[in-house]
Amino acid sequence: MAEMWITMGPQHPMTHGLWTLRVKVDGETVVDTIPELGYIHRGVEKICESRDYTQITPYCDRLCYASAMTWAQSYIYAAENLLGAEVPERAEYIRLIAVEMQRIASHLMWLGAYCPDVGNLTVFVWCLRDRELFLDLLQELGGSRMHYNFPRVGGIKRDLPIGFAMRARAKIEMFLERLKEYEMLLDESTIFLVRTQGVGACKAEDMVNSGVTGPNVRAAGVNYDVRWAHPYSVYDQIDGMAAIEKASSNEGSDCYDRYRVRMTEMIESCNMILSALDKIPGGAETHYNKKDEMIYLKPPQRAPEGQTGFSNFEDSRGESSFYLVGGGGKKGRGEFPYRISIRSPMFITIPYVAKTMIGYKVADIPAIMGSFDPCIGETDR
Amino acid sequence: MQSISPEQNITAVENAILETNKRFDLVGIKAEACQHRSGKKYSFVHIDCPPNQWPSLAKWLKFEQGVDYLGMITGIHYPLEFEFISGKPGYKPGTPEKGWEVVIHLTRKGIKNPNVGEQTVINASKLSGMDIPLEYQVSIILPQTDEPKIPSVQSIWEGADWNEKETWDLVGIEFEGHENMMRVLNPHDSPPGFHPLQKPHKIRYHDHNEMYDDAQGFMRKPLDSDKKK
C-alpha cells in the first residue's frame, strides 16, 4: 500500500500543547515519525542572562504551567549552589511539602488530560475537582493558583499559615479515599484496559540511554530516583519511597504501567507530606514572621566569575537540571548569571516516544504519547 | 526515604577519579572531586578533557565505567570583548585560549532491564562499588574561533542526539559526525549563523534602562529596518 505523511499538530488533541508530529503511515501502521518542536520558544535562557537571581524565579515558574513549584525549586537549588547560600531546615521541610503537593497536582492534571484520550471522560472532571484541593493549599503558601513565586534563594517567601497542617491532613485523607474510586473506575473499564495494556512497550535500558527519566523509567521496574540517589533537601530524613511498577512484558513497560506508577507516586507523595508535617522543626502549627531566620537566611547577592552551580531535581515528569555560571552582568560584576542552561525532561523524551510509536497503529498514537505526560511549556522554554 | 550515605558517595568518587587519572594520564585528561556548595549533600567527578580526546573518554565512560545516561550538554560562549549594554564596551569575559566551553553532565545510574513481572528494588545503603550512582561533569574548553567544533557522541548515548541539536541551534557549536543536524527550537528557516545564545546577539530589552525608558517599544525600529528584504 502507498505510504503517506500525516501532520498531527500544532493544534491536535494528541499533542497536549503546541507541537507537531509528522507521521508516515502505511495503511494504518506507523512507519516513520518526525517531531517538530519550538512553537512556544520564549528564550528564557537568554532573558535570564540580564536578570538577577531573585528575578529569575518567576521565569522558572512559567517554564511549566502544570508544575510551576517544582521548576522554581529546581532553579533555586542551582542558584543556592552557585551562590553558596545556606538554607534553614524548616524552610527545606516546607519546600518539600510544597513540591510533593505540586507533584500530586501535576499527576492529577496528567490523569485528567490522559483519560479523555483513551475514552474515559468522567475521570477528567474528577481529577480537576481533586486538583483544586491541592491548588488551594498551594495558594495559601504562594498566594496564587498556578505561578507561585514561592521559594527564595536562601529560604521561602512565607511560613506555613495557621491551620495549614490541619487542612492538609484532612484533604490528604479525603484524597486517598478518592484515589480508590479512580482505580475502580479505570481498572474496571474494559475500554481503558484495551487502549493501554500491551501498547507502547519501552525497555528500561533503552529509555535511560535515550535520556528518558522519572516515572516513565520507574514504570519499567527500576526504582532509580534522584531523591535517594543524589539526595537533596531533607528527603533522607522522611518516610516514603520511590514509586515503582513491575515490567509487564519482555518488551518492557506499557501505557498501563505508566498509569499505575503515577497512581502509586501520588500515594507516596501523600505519605511524604504527612511525614514532613510530623517532623518539621518548630512544629507545623507555629507561624514565623516573614524573613525570620527559621525560614529565610539572606544569601550572598553575587557570584564571581568561575563559580558554577548545578542542580539535578526529580521533577514530576523526570529529571530537570539547571547549570548556572556566575560572573555575568554589567562588566562582569556577577549580579546576573553569565549563562543559565536548562535541561527539560520532556525535550529529550518526546523524540524518544516518537521513535517508539513505529510499528503501532495510528489509533495508538494518542495513548502512547499521552502516557509519557508531555508538557510543551518546559520543552520549548 | 533511604538514600545514599556520604561515605558511599565519597568512596565512589575517589575510585572514579583514581581510575580516570590512571587510564588517561598521558593525554591531558584530569579528574578531580567537586563538592556542591549547598543544597546537594554529595560530591561529583569533574573531568577536564581536550576536545580531541572526548570520544575516547566517552567510550571508556560508557562501556567500562557504566555511565549509561547523558543528562545535558551546555555550550558557553566567552568572546574576547562584547557590549552587554549598547554603547558601553569593555566587558572582556574570554581569553585567546578560552573562547568556548562545552559542559556535559553524565550520570552512572546502573539500570538493568528487570525480568517480566519483577521489580528491582534497590536498597540504597547496601550498594557498593560500581553500583553506587555517581555524577560526572565533563568540561571541554575550545580556543577563540569562529567555528567551534567538537566530536559528536550521538552513537554512544542516544540521549545526546537532541541535546547536541539544541546546543548547535542555540549556541552554534558544531558536532562533527552528528547525523541529521537541524534547528529544533529556533524557526527552521532561521538564517545560517543565527545562534541567539552567542554573547554579541542582543534581545529586545536586554538592558534594564532600555526596558524602562520604552517599555512598549513604540519608539524603536527593528534592528534590520534599514536593510532591504
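These notebook entries record what I looked up in a predicted model with chains A and B.

**Entry 1. The contact between the chains**

I began with the contact between the chains, to which chain A gives 60 residues and chain B gives 52 residues. I then listed the elements of chain A that supply two or more residues to the side touching chain B. The helices among them are α1 (44-47), α3 (68-83), α8 (204-209), α10 (226-229) and α12 (345-356). The strands are β6 (308-314), β7 (319-325) and β8 (339-343). Sorted by class, this side of chain A holds 25 nonpolar, 20 polar and 15 charged residues.

**Entry 2. Strands β7 and β8 of chain A**

I next examined two of the strands named above. β7(A) and β8(A) run antiparallel and are joined by five bridges. I looked up A:Ser321 and found that its bridge partner in β8(A) is A:Arg343. β8(A) is mostly covered, with five of its five residues buried. Which residues of β8(A) point one way, and which the other? I noted A:Arg339, A:Ser341 and A:Arg343 on one side, with A:Ile340 and A:Ile342 pointing the other way. I recorded the general rule beside this: side chains in a regular strand alternate between the two faces of the sheet.

**Entry 3. The three-stranded sheet of chain A**

I traced an open sheet in chain A with the order β1-β2-β3 and antiparallel pairing. Its edge strands are β1 (3-8) and β3 (29-36), each of which pairs on one side only. From one strand to the next, the twist averages 20°. α12(A) packs on this sheet and touches β2 and β3 of chain A, its direction making about 165° with that of β3(A). Between β1(A) and β2(A), the latter spanning residues 20-26, I found six bridges in an antiparallel arrangement. For A:Met8, the bridge partner in β2(A) is A:Leu21.

**Entry 4. Helices α2 and α3 of chain A**

I returned to α3(A), which also contributes to the side of chain A that touches chain B. Helix α2 (residues 53-61) packs against α3(A) at an angle of about 150°, and their axes are 8 Å apart. The angle is over 145 degrees, so α2(A) is roughly antiparallel to α3(A). The crossing of α2(A) past α3(A) is right-handed. From α2(A), the residues that meet α3(A) include A:Tyr53, A:Ile56 and A:Cys60. Those of α3(A) include A:Trp71, A:Tyr75 and A:Leu83. By class, this contact has 10 nonpolar residues, one polar and one charged.

**Entry 5. Helices α6 and α11 of chain A**

I then turned to helix α6 (residues 164-187) and helix α11 (residues 255-279) of chain A, which pack at an angle of about 160° with their axes 11 Å apart. That angle makes α6(A) roughly antiparallel to α11(A). Here α6(A) passes α11(A) in a left-handed crossing. Among the residues that α6(A) brings to the contact are A:Ile172, A:Phe175, A:Arg169 and A:Glu183. Among those from α11(A) are A:Met263, A:Cys270 and A:Leu277. I counted the classes as 13 nonpolar, no polar and two charged residues.

**Entry 6. Chain B as a whole**

Along its sequence I read the pattern α-β-β-α-β-β-β-β-α-β-α. Chain B has 229 residues, and 38% of them count as buried. Among contacts in chain B with a separation of 6 or more, 67% join residues 24 or more positions apart.

Conventions. Residues are numbered from 1 along each chain as its sequence is written. Chains are lettered from A and ligands numbered from 1 in the order in which they are written. This is a predicted model: local features need pLDDT of at least 70, side-chain atom pairs count only at pLDDT 80 or more; totals for chains, interfaces and linings use all residues. Two residues are in contact if their C-beta atoms, placed from the backbone, lie within 7 Å. Helices (H or I, at least four residues) and strands (E, at least two) are DSSP runs, numbered from the N terminus. Ala, Val, Leu, Ile, Met, Phe, Trp, Tyr, Cys and Pro count as nonpolar, Asp, Glu, Lys and Arg as charged, and the others, Gly among them, as polar. Two strands pair if DSSP finds at least two bridges between them. Axes are lines fitted to C-alpha atoms, for helices over the stretch in contact, and angles run from 0 to 180 degrees between N-to-C directions. A residue is buried if 20 or more other C-beta atoms lie within 10 Å of its own, exposed if 12 or fewer, and partly exposed in between; C-beta atoms are placed from the backbone. Angles under 35 degrees count as roughly parallel, over 145 as roughly antiparallel, 65 to 115 as roughly perpendicular and the rest as oblique. A crossing is left-handed if the near helix is turned anticlockwise from the far one by less than a right angle, and right-handed if clockwise.
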